[in-house]
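Student: Hi! Could you help me look through this model?
Tutor: Happy to, here it is.
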Amino acid sequence: MMSKYYLLFSILFLSSCASITNDANVPISLSFSDGSEGTCNLTNKRGAWTADIPTSVSIRRSDDNLQFNCKSENGKTGFGSIPSTMGAKIVASAVFIDFGIVDAITDKHRNYPASYIIPVK
């Protein structure tokens, strides 16, 4: 009788969902390297945003880099990308049955840095 309970418990434990519960968006504080103000166009495969710099903007997590194209009020420009990194929670998700498949689809295991200084020329 006890072995049936162990079997039932094992099945329930191993079939549980291990999806990451991160928020879909991540805040990033942006500023220019010379301390000036301006605007930036930000894009990744999940969306596009326009932000007045300096600011903190909520960006949708994605597995690709966050592209930026900026112009300061004094006419300087800056363009490039902010890398997306993989969070540590994906390892815990991969240990269970879903192997991180749900998280790979939603990109909730990805992170952008909390703050980024945009170099302007």
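Student: How do β2 and β3 pair, parallel or antiparallel?
Tutor: Strand β2 (residues 38-44) runs antiparallel to β3, with seven bridges between the two. Strands here are DSSP runs of E of at least two residues, numbered from the N terminus, and two strands pair if DSSP finds at least two bridges between them. This is a predicted model, where local features need pLDDT of at least 70, side-chain atom pairs count only at pLDDT 80 or more, and totals for chains, interfaces and linings use all residues. Residues are numbered from 1 along each chain as its sequence is written, and side-chain values use heavy atoms, leaving out hydrogens and water.
Student: Which residue in β3 is the bridge partner of T43?
Tutor: That is A48.
Student: What's the strand order in that four-stranded sheet?
Tutor: The order is β3-β2-β5-β6, an open sheet with antiparallel pairing. β3 (47-53) and β6 (77-82) are at the edges with a single partner strand each, so one side of each has no neighbour in the sheet. On average, neighbouring strands of this sheet are turned by 15° against each other, direction ignored; the axes are lines fitted to C-alpha atoms, and angles run from 0 to 180 degrees between N-to-C directions.
Student: Switching topic, what is the order in the sheet of three strands?
Tutor: That open sheet goes β4-β1-β9, and its pairing is mixed. Its edges are β4 (55-60) and β9 (115-118), each with a single partner strand, so one side of each is left without a neighbour in the sheet. The twist from one strand to the next averages 35°.
Student: And how many bridges link β1 and β9?
Tutor: Four, in the parallel sense, with β1 covering residues 25-32.
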